[in-house]
Amino acid sequence: MRFYIVNKTKSIDAVGEYNEETKEMTVLKGSVLSDTVVSTGSFRGTRAILKAREGVMKGNVLTEDVSFKSPSTAANFVRGSSSNGLICWKDENGKTLKEVISEVHE
């Protein structure tokens, strides 16, 4: 299933492919990621994001597909800050990943 994170203010335009079976999210090549990575006391993922971005970006654009074990880790990678992937990722109709998953399991 394909999902998106778009934030015009921060120039973010990312596309992700969610695998319902493995619960993994792959951020697709060509996605535009946040140009900043937030470092706050409460968010401890800054180094992990910076490390994951090494060698797979040209400017703010992803040069290859990158897979993550959870939608939230993928959203952190895209947004450069702590994120709830279940509500950040939305389908083409604006439904959150959480909404889509719950509809599938009704």
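This is a predicted model: local features need pLDDT of at least 70, side-chain atom pairs count only at pLDDT 80 or more; totals for chains, interfaces and linings use all residues.
1. Now for the aromatic pairs, of which the structure holds two. Phe-3 and Tyr-18 make an edge-to-face pair, with 6.4 Å from centre to centre and 85° between the planes. This pair links distant parts of the chain, since Phe-3 belongs to strand β1 and Tyr-18 to strand β2, 15 residues apart. Phe-3 has a relative accessible area of 1%, so it is buried. Tyr-18 comes out at 5%, so it is buried as well.

2. Phe-77 turns up again in a pair with Phe-68: the ring centres are 4.8 Å apart and the planes meet at 45°, so this pair is tilted. Phe-68 is buried, with a relative accessible area of 10%.

3. Next, a bit of backbone. Most residues other than glycine have a negative phi. Ser-11 has a positive one, near 55°. You'll find Ser-11 in the loop between β1 (2–7) and β2 (12–19). With a relative accessibility of 46%, Ser-11 counts as partly exposed.

4. Lys-23 is also worth a click: its phi is positive, near 65°, and it isn't a glycine. Lys-23 is in the loop between β2 and β3 (24–27). Its relative accessible area is 44%, so Lys-23 is partly exposed.

Technical notes. Residues are numbered from 1 along each chain as its sequence is written. Side-chain values use heavy atoms; hydrogens and water are left out. Helices (H or I, at least four residues) and strands (E, at least two) are DSSP runs, numbered from the N terminus. Buried means under 20% relative accessible area, exposed over 50%, partly exposed in between (1.4 Å probe, protein chains only). Rings of Phe, Tyr and Trp (its six-membered ring) pair if their centres lie within 6.5 Å; planes under 30 degrees apart count as stacked, over 60 as edge-to-face and the rest as tilted.
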